[in-house]
Amino acid sequence: RAETADTADTADRAETADTVDSADSTDSTESADTKRLRAAIYYGVREAAERSPVPLSNECTALITELTLRQAEMLAHDLESFSQHAKRCTINGEDVLLCARRNPSLQDSLREKLDALPSASKRKFKAAQ
């Protein structure tokens, strides 16, 4: 049985590599960093899927990877726009909270994390003075 499982695992990994490779070949102008990020997201989704009781096809994994990558690109654009609008060169935690404004539970969770950071407490202290 172990031999059969190893063979199936090897075949699945080969199919996974083919799926990532085909996703990479869709855009020849994509940077090496973006390709590495795409592969890392793909393998992260794949690992999460392996822990799930519901099977996930390689096609579905590739689609989730693409969705995640595009969401990250949109988030980066929004963060840049918010900081530029505030006439800042640096994106800060308030910009991230602004991106989460339509999801109150996410915003609350992010606010807790922001408040726990040492730089956030220093900023609050300065603002209170």
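Helices are DSSP runs of at least four residues, numbered from the N terminus. In this predicted model, Asn58 is found in helix H3. The protein chain as a whole has 6 helices and 0 strands, and its pattern along the sequence reads α-α-α-α-α-α. Of its 129 residues, 19% count as buried. Among contacts between residues at least 6 apart in sequence, 27% join residues at least 24 apart.

The packing of helix H2 against helix H3 was examined next. Helix H2 spans residues 32-51 and helix H3 spans residues 58-85; their axes come within 9 Å and cross at roughly 130 degrees. The two helices are therefore oblique to each other, and the crossing of H2 past H3 is right-handed. On the side of H2, the residues that meet H3 are Thr34, Leu37, Arg38, Ile41, Tyr42, Val45 and Arg46. Their counterparts in H3 are Asn58, Thr61, Ala62, Ile64, Thr65, Glu66, Thr68 and Leu69. Sorted by class, this contact has 7 nonpolar, 5 polar and 3 charged residues.

Asn58, one of the H3 residues that meet H2, has a relative accessibility of 6% and so counts as buried, since the cut-off for that class is under 20%. The side chain of Asn58 also makes a polar contact with the side chain of Arg46, at 3.1 Å. Arg46 is itself among the H2 residues that meet H3.

Asp95 is found in helix H4, which covers residues 93-99. With a relative accessible area of 3%, Asp95 is buried. Apart from neighbours within four places in sequence, Asp95 is in contact with Leu79, Phe82, Ser83, Arg88 and Thr90.

Gln107 lies in helix H5, made up of residues 104-116. The relative accessible area of Gln107 is 17%; this residue is therefore buried, because the limit is under 20%. When residues up to four places away in sequence are not counted, Gln107 touches Leu97, Ala100 and Arg101. Gln107 and Leu97 are 10 residues apart in sequence, and their C-alpha atoms are 5.8 Å apart in space. A polar atom of the Gln107 side chain lies 3.0 Å from the backbone oxygen of Leu97.

Terms used: Residues are numbered from 1 along each chain as its sequence is written. This is a predicted model: local features need pLDDT of at least 70, side-chain atom pairs count only at pLDDT 80 or more; totals for chains, interfaces and linings use all residues. Side-chain values use heavy atoms; hydrogens and water are left out. Axes are lines fitted to C-alpha atoms, for helices over the stretch in contact, and angles run from 0 to 180 degrees between N-to-C directions. Angles under 35 degrees count as roughly parallel, over 145 as roughly antiparallel, 65 to 115 as roughly perpendicular and the rest as oblique. A crossing is left-handed if the near helix is turned anticlockwise from the far one by less than a right angle, and right-handed if clockwise. Contact means heavy atoms within 4.5 Å. Ala, Val, Leu, Ile, Met, Phe, Trp, Tyr, Cys and Pro count as nonpolar, Asp, Glu, Lys and Arg as charged, and the others, Gly among them, as polar. Buried means under 20% relative accessible area, exposed over 50%, partly exposed in between (1.4 Å probe, protein chains only). A polar contact is a pair of N or O atoms within 3.5 Å; within protein, one must be able to donate a hydrogen and the other to accept it, and residues adjacent in sequence count only if both atoms are side-chain atoms.
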